[in-house]
Amino acid sequence: MKAVVIKEFGGPENLTWTEVEAPQPAAGEVVVDVAAAALNRADIMQRWGLYPLPPGASPYPGLEVSGRISAVGEGVTGWQVGQEVCALLTGGGYAQQVAVPAGQLLTVPEGVSLTDAAALPEATATVWSNLVLAAGLKAGETLLVHGGGGGIGTMAIQIAKALGARVVTTVGGPEKAALAKRLGADETIDYRTQDFADHGPYDVILDVIGGKYLDRNIRSLAPDGRLVVIGLQDGLEAPLNLAELVFKRLSVIGTTLRTRSKAQKAEIVAAVQQHVWPMIESGAVKLVVDRTLPMSQAAEGHRLMEAGGHSGKIILVDD
């Protein structure tokens with residue numbers, strides 16, 4: 001089979017579509033013949049050498065796929081060869097086949113194509129685990145989503161609205177502002193000309209930026225507010241005003257999906273299947289896809305994502 005291999009850490013030119021050994025299902029796993037895989041920021045960090053792999057993870061990038069089950073390992077029940085699925089991965093999605101723990105499989109939602117389903121597992125699991133399970137977002141609260149035009153942002157806006165929250169989001173330009181409004185955002189803030197801290201307070205902030213945003217995030221939270229940091233696009237360190245944290249009773253939560261245990265991921269995936277899939281199938285939550293590229297053009301997909309001009313998800317399909 002073929003997979004996208006990182007030849008050495010660095011730019012997109014280091015991604016190559018080449019022959020590799022096909023996976024075999026271990027106990028509790030299935031093998032999925034990949035129809036499509038979706039890009040995530042973590043893939044870019046991995047390519048640069050900034051995202052250490054968890055033990056046992058595939059060295060190939062790719063955290064979510066869709067496809068058909070081609071083999072079932074010992075002890076797996078409830079899944080059959082030939083069944084169409086999408087899956088949350090620890091890695092290895094940019095490939096023609098991938099081995100997946102059965103607990104990380106999802107059905108393909110009704111009304112969603114097999115190709116588009118590849119862009120659902122990571123975004124939905126990230127948003128649900130952080131907004132609901134970690135931050136406890138409630139109806140009537142105000143959420144600030146940083147980066148409302150990206151894959152996580154477009155999903156967060158919709159799920160939060162479906163939960164009854166008021167949603168504010170930062171965007172880069174009028175086109176992404178218009179998209180966010182169509183998805184249900186109550187207010188958009190162009191981060192290039194406006195300061196989101198002037199538009200608070202917020203009960204929950206979902207932050208993919210890190211770094212320079214920390215101080216303003218803390219200042220703009222309401223009492224008992226929760227900041228959830230899930231990305232580090234703008235650096236790893238920043239000063240923190242502990243007095244603000246203490247006197248406003250704030251919580252700062254840092255999370256990532258990739259390093260969670262199989263059991264934890266299975267719990268999150270089960271919650272997504274139960275709570276988010278009905279939102280998708282009813283039309284309350286829609287997938288936003290920027291474009292689809294052949295798997296062999298993964299480098300181009302990375303260039304587009306790093307340039308930041310895309311809206312929603314970029315999907316790779318098997319050549």
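Biologist: Where is Leu227 placed?
Modeller: This is a predicted model, and in it Leu227 belongs to strand S12.

Biologist: Buried or exposed?
Modeller: Leu227 is buried, because its relative accessibility is 0%.

Biologist: And what does Leu227 touch, not counting residues up to four places away in sequence?
Modeller: With those set aside, Leu227 touches Ile205, Asp207, Leu214, Asn217, Ile218, Leu221, Ser251, Val252 and Ile253.

Biologist: How far are the C-alpha atoms of Leu227 and Leu120 from each other?
Modeller: Those C-alpha atoms are separated by 24 Å, and the two residues are 107 residues apart along the chain.

Biologist: How accessible is Asp224?
Modeller: Asp224 counts as partly exposed, because its relative accessibility is 40%.

Biologist: Which residue in the loop between H7 and S13 also needs a look?
Modeller: That is Arg249, in the loop between helix H7 (242–247) and strand S13 (251–254). Arg249 is not a glycine, yet it has a positive phi of about 55°. With a relative accessible area of 47%, Arg249 is partly exposed.

Biologist: What kind of peptide bond joins Gly200 and Pro201?
Modeller: A cis one, with omega at about 5°. Most peptide bonds are trans. Pro201 is in the loop between strand S10 (187–190) and strand S11 (202–207).

Biologist: New topic, rings. How many aromatic pairs does a search of the whole structure find?
Modeller: The search finds 1 aromatic pair. The rings are those of Phe196 and Tyr213, with centres 5.1 Å apart and planes at 55°, so the pair is tilted.

Biologist: Which parts does that pair tie together?
Modeller: Phe196 lies in the loop between S10 and S11, and Tyr213 in the loop between S11 and helix H6 (214–220), so the pair ties together parts that are 17 residues apart in sequence.

Biologist: Is Phe196 buried or exposed, and what about Tyr213?
Modeller: Phe196 counts as buried at 2% relative accessibility. Tyr213 is buried too, with a relative accessible area of 8%.

Biologist: What sits over the ring of Tyr51?
Modeller: The charged end of Arg258 does, 5.0 Å from the ring centre.

Biologist: On to helices. At what angle do H3 and H8 pack?
Modeller: Helix H3 (residues 121–134) and helix H8 (residues 262–282) pack at about 100°, and their axes are 10 Å apart. H3 and H8 are therefore roughly perpendicular to each other.

Biologist: Which residues meet there?
Modeller: From H3 there are Thr124, Ala125, Trp128, Ser129 and Leu133. In H8 they meet Ile268, Ala271, Val272, His275, Val276, Trp277, Met279 and Ile280. By class, the contact has 10 nonpolar, 3 polar and no charged residues.

Biologist: Last one, Val34. Where is it found?
Modeller: Val34 is in strand S3 (residues 29–38). At 5% relative accessibility, Val34 counts as buried.

Biologist: What is Val34 in contact with, leaving aside neighbours within four places in sequence?
Modeller: The contacts of Val34 include Val65, Ser66, Gly67, Gly93, Ala95, Met295 and Asp318. Gln97 is another of them. The C-alpha atoms of Val34 and Gln97 are separated by 5.3 Å, with the two residues 63 residues apart along the chain.

Key: Residues numbered from 1 in each chain as written. Predicted model: local features only at pLDDT ≥ 70, side-chain atom pairs only at ≥ 80, totals over all residues. Heavy atoms only, no water. Axes fitted to C-alpha atoms, helices over the stretch in contact; angles between N-to-C directions. Helix = DSSP H or I, 4+ residues; strand = E, 2+ residues; numbered from the N terminus. Parallel < 35°, antiparallel > 145°, perpendicular 65-115°, else oblique. Contact = heavy atoms within 4.5 Å. Nonpolar A, V, L, I, M, F, W, Y, C, P; charged D, E, K, R; others polar. Buried < 20%, exposed > 50% of the residue type's maximum accessible area, 1.4 Å probe, protein only. Phe/Tyr/Trp six-rings, centres within 6.5 Å; stacked < 30°, edge-to-face > 60°. Lys NZ or Arg CZ within 6 Å of the ring centre and 35° of its normal.
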